[in-house]
Amino acid sequence: MRAAVFLDRDGVINDHRHFVNGPDDLYLFPYSGKAIAELNRSAFFVGVVTNQGGIGLGYSTEEALHEVHNKMQDILVADGAHLDAIHYCPHAPKAGCTCRKPKPGMILEMASQYHLDLERSYMVGDRDVDILAGKRAGCKTVLVGEAELPDSLRPDAHCSDLLSAVEWILQDTGQNPQS
């Protein structure tokens, strides 16, 4: 079974100062392609697990979300990177579904679908819900950005951004980044 790195989207791969309701709202961080390419070269399965409650609330559509994800994939491919899968929760925040983070549903579904080893996998996110979902799925967790979490949610690592998180993951697994 293969190890994976599960990535939240907004705040990890792309800037989310504004809601991303369509492809024109998507701005990838300049280091995202390089970071994901490092994971690809290191043979990790790279999957995105993202809450997209704006669909359930009526601010966006699944069609617009697919356009956003197509644009994200195109940008990443141009940077020599790719995502193996993208799973999203389209439900409104209080819908009570099993897929919305902090529940681990998207991670567990992806792990089952692609035969991934959760004990050797990582969840990278910028919020408490990401870290909690990763912990509940049995993954190591990496918090990126400036958020502070309570001790009960302490991630395995806290890094400034995705590129730093990837460097930490590669070191944690005994690999060296190919910068």
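Does Asp172 count as buried, exposed or partly exposed, and at what relative accessibility? At 33% relative accessibility, Asp172 counts as partly exposed, where buried means under 20% relative accessible area, exposed over 50%, and partly exposed in between (1.4 Å probe, protein chains only).

This is a predicted model, in which local features need pLDDT of at least 70 and side-chain atom pairs count only at pLDDT 80 or more, while totals for chains, interfaces and linings use all residues. Residues are numbered from 1 along each chain as its sequence is written, and side-chain values use heavy atoms, with hydrogens and water left out.

**The sheet and its helices**

An open sheet is formed by 6 strands in the order S3-S2-S1-S4-S5-S6, with parallel pairing; here helices (H or I, at least four residues) and strands (E, at least two) are DSSP runs, numbered from the N terminus, and two strands pair if DSSP finds at least two bridges between them. Strands S3 (85-89) and S6 (157-159) stand at the edges with a single partner strand each, so one side of each is left without a neighbour in the sheet. Within the sheet, S1 (residues 4-7) and S4 (residues 122-125) run parallel and are joined by 3 bridges, and Phe6 has Met123 in S4 as its bridge partner.

Helix H5 (residues 128-137) packs on the sheet, touching S2, S4 and S5 (140-144), with contact meaning heavy atoms within 4.5 Å. Among the buried residues of H5 are Val129, Asp130 and Ile131, and the buried residues of this helix pack against S2, H4, S4 and S5.

In helix H3 (residues 62-78) sits His69, which is buried with a relative accessible area of 5%. His69 touches Arg9, Thr50, Ile86 and Tyr88, not counting residues up to four places away in sequence.

**Charged pairs**

A salt bridge is a side-chain nitrogen of Lys or Arg within 4 Å of a carboxyl oxygen of Asp or Glu, and by this rule the count comes to 8 salt bridges. The table includes three of them.

| Pair | N to O distance |
|---|---|
| Lys101 and Asp130 | 2.7 Å |
| Lys140 and Asp172 | 2.7 Å |
| Arg154 and Asp151 | 2.6 Å |

Lys140 lies in strand S5 and Asp172 in helix H6 (residues 162-172), so this pair ties together parts that are 32 residues apart in sequence. Both Lys101 and Asp130 are buried, whereas Arg154 is exposed, with a relative accessible area of 51%, and Asp151 is exposed at 60% relative accessibility. Salt bridges that share partners join Asp8, Lys101 and Asp130 into one network.

Notes:
Axes fitted to C-alpha atoms, helices over the stretch in contact; angles between N-to-C directions.
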